[in-house]
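Okay, thanks for coming, everyone. Let me put the structure up, and then I'll walk you through the bits I'd like you to look at.

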Amino acid sequence: MNAPLSPLIHLVDDDEAVRAALSLLIGTVGLRVQAWAEPQAFIAGFDRNSIGAIVLDVRMPGVSGLTVLQQLVEQGVDQPVIMLTGHGTVDMCRRAFKSGAAEFLEKPVNDDALLEALQNAVRQHVRSRERQQANHVARERYTQLSPREREVLGLIISGLTNKEIGRALDLSPRTVETHRASVFAKLGAESLADLIRRYAAIVESGEA
Amino acid sequence: MPPCKNAGMLKLIKAHRLGILAWVVLCAVGSAVLGRLELAQTRDAFETDARIVHRLLSQRAVQHDAILATLALLQAGADNARPEQRLPAVYPQILTVRRRDRDAAWDEPRFAAADIQSRTAKRAVLADTDFANGRYWVVLHADTSYAMQIDMRSLVQWSEWPMRVESNPARVTLEAAGQYFVLQAGAPGAKVWRFDFSKHLAADSQPFEVVAVRHVGWAELPWGWMLGWIALVTAVMAGLVAAQGQRVARRRAEELLRFGQVARLNTLGELAAGMAHEVNQPLTAMLANTQAASRLLAESPPDIDTARGAMTQAVQQAQRAAEVVARLRRSVEMPNLASQLRPLDLQAAVRNALYLLEPQLRNCGVDPLMRPAGEISVLADPVAVDQIIHNLLMNAVQALEEVPRAERKLTLTLEADKGQGVLTVRDSGPGIAAEVLPRIFEPFFTTRRGGLGLGLSLCETLATSMHGTLSAANAPEHGAAFTLRLPLARQP
């Protein structure tokens, strides 16, 4: 996966002046902006792999911002969504957060509030992508293990010693030691703690 | 009846079927009770009459026994005296008296037989009964026996008879051994109900039965009372239906009024939301542009060209916002009231507003005190005046709700002053705070939660556009006073 150089913000608002002004403002902190006038065109066309966030106006002709938000969540889009509204009611705010909005801001929006929200959202997205990436790598390495090595790994993560593993699998401690070294090498783990942190979840989901 | 009318009738009956059922039941039960009462009364009267008749006849029969007994006692000394011959003159019912002297024999076998019977029974007995002719004989055995012939027609002294013989519908007869004698013919008629009375005379010598029969027909039921009852039930139920109809109509009117108020509020809410969006978009763009510009200028070196572009954008957006506001004002601009002014009675307008607000005033426990000043004719627009008075009264009610019930007073004063009709609405509520008073007619200024702050502002605008004024002050004691001044229709 090739992460772009700088994060990309998708701005969806039907008002041209608002789009232009907000794009300019967001650009002052070095974020790239792609502005969309049509919610449907945005949903159909935006790059889902890009790192960044989405700024969505609640009140747009044709389709409500809340509906767009729900569609994004249903399609598994992981970019954080910041909602903008002209007259936010408590009810609308509640619905937005329930639907998975990361932030809810009132128009006219203050630059500090918007930019801070965007930077938080971007950081959050980057972290979540990194986690995904690490997970992806770990999964690939895990598939390279032999069945016996996977058994040994499961018992190591359960906290058993080599002796106990040998008894459980009816192997000599020496053989267990060989498997153990092979597991550490294949998975690229530097310590037992590292092994457990990165692979416990995969082992559990793999065995379930 | 044409079918549609028929259907309408059916619908009417269906809608009121419970009422109609209740009406039928009430009428039927009431009439039945009245009928039963009348029948019971008739029976009581009949039985009383029959008992009196029985007593009168029994007295006569006993009298006959006594007379015979007296004759039997008198016979001893008197040889030639014939006291019995004087009896018919004294007693009208005694036709003739016959005697059998001591040791003599009766010349007629019917007396002889009765004599023997009397001796055995030791009392007088009947010798011969001829009810067809209204006669009978009574015989008493003694040394000298007597026989007495009674005329049944004279048996009764008609002045003592409890009924009017000619017209009373009851039939009264004396009956014995299959014969009967009619004392009172009665009236034949429809035989729906029948009362009977039958009792033996209280004298063994004359074992007759007094039989009275009374027939009652439909015609004798208390139709007048029954019809009266039905009319009463109908009138009461019609009254109830009318009262309910009025209540329903009233409630509907109140609903309509409230609905109108809600609809107006909704319209205002929509307007406000639309306005917020329309103004918010340029404001958002302006804010973003100016803030972006200030950030660009703060960079080193400052990006002056881009900042200038952003400022140009901001200016354009400010102009756009101003246009939105101007368009909004044009679209909700007040119609020119000054051209619609016409004379109207301020007092009638106040009364109308009070009538419309009666439920609210009643709920609040306020009885408005109106100081009338006769007709005050002002030049105004009727709808606008109604709206102003309505608003002032609603405000007063809301103010009064903040003080205890006992202290709630609402006074309306009407007067003509310096060419103006003046209406003052004074409440005994908490009054207007000093810092609020100068701003009270400002649009969107409100002290009420959820209030739009447009009511008084609108009222003042309306009053001004009718060449009048609306002012607010605190009353000397406590509470607020609003004064509406409108030019009089005819200047004095």
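This is a predicted model: local features need pLDDT of at least 70, side-chain atom pairs count only at pLDDT 80 or more; totals for chains, interfaces and linings use all residues.

**A walk through chains A and B**

Let's begin with a spot in chain B: Lys418(B) sits in the loop between β12 (410-417) and β13 (420-427) of chain B. What is the phi of Lys418(B), roughly? About 50 degrees, so a positive value on a residue that is not a glycine; remember that most residues other than glycine have a negative phi.

In chain B, going from Ser300(B) to Pro301(B), the bond is cis, with omega near 0 degrees. Pro301(B) belongs to the loop between α5 and α6 (304-331) of chain B. Over in chain A, the bond from Lys107(A) to Pro108(A) is also cis, and there omega is near -10 degrees. Pro108(A) is in the loop that runs between β5 and α5 of chain A. For context, most peptide bonds are trans.

Counting over all chains, the model has 26 salt bridges.

Next, the place where the chains meet. On the chain A side, 22 residues are in contact with 20 residues of chain B. The area buried between chain A and chain B comes to about 1800 Å², and carbon and sulfur atoms give 59% of that. Which residues of chain A lose the most area to chain B? They are Leu24(A), Arg59(A) and Pro108(A), which together account for 27% of what that side buries.

One to look at on screen is Arg320(B) with Asp15(A), where the closest N and O atoms are 2.5 Å apart. There are also seven residue pairs in polar contact between chain A and chain B, both partners being at pLDDT 80 or more.

As for which elements of chain A take part, α1 (16-27) and α5 (111-143) each supply at least two residues to the side that touches chain B. The biggest giver there is α1(A), with six residues. Sorted by class, that side of chain A has ten nonpolar, four polar and eight charged residues.

Last stop, the second largest pocket, which holds about 330 Å³ of space. Its lining includes His16(B), Trp23(B), Met237(B) and Gln244(B). Which of them has the largest share? That's α5(B), with seven residues. And how does the lining divide by class? Six nonpolar, five polar and no charged.

That's my tour, so over to you for questions.

Methods: Residues are numbered from 1 along each chain as its sequence is written. Chains are lettered from A and ligands numbered from 1 in the order in which they are written. Side-chain values use heavy atoms; hydrogens and water are left out. Contact means heavy atoms within 4.5 Å. Buried area is the accessible area (1.4 Å probe) that two parts lose on being put together, summed over both. A salt bridge is a side-chain nitrogen of Lys or Arg within 4 Å of a carboxyl oxygen of Asp or Glu. A polar contact is a pair of N or O atoms within 3.5 Å; within protein, one must be able to donate a hydrogen and the other to accept it, and residues adjacent in sequence count only if both atoms are side-chain atoms. Helices (H or I, at least four residues) and strands (E, at least two) are DSSP runs, numbered from the N terminus. Ala, Val, Leu, Ile, Met, Phe, Trp, Tyr, Cys and Pro count as nonpolar, Asp, Glu, Lys and Arg as charged, and the others, Gly among them, as polar. On a 1 Å grid over the protein atoms alone, a cavity is a set of points where a 1.4 Å probe fits but cannot get out, and a pocket is an open set with protein on both sides within 12 Å along at least five of seven lines; lining residues have an atom within 4 Å of a point. Grid points are joined across faces, edges and corners, and a volume is the space filled by probe spheres set on the points.
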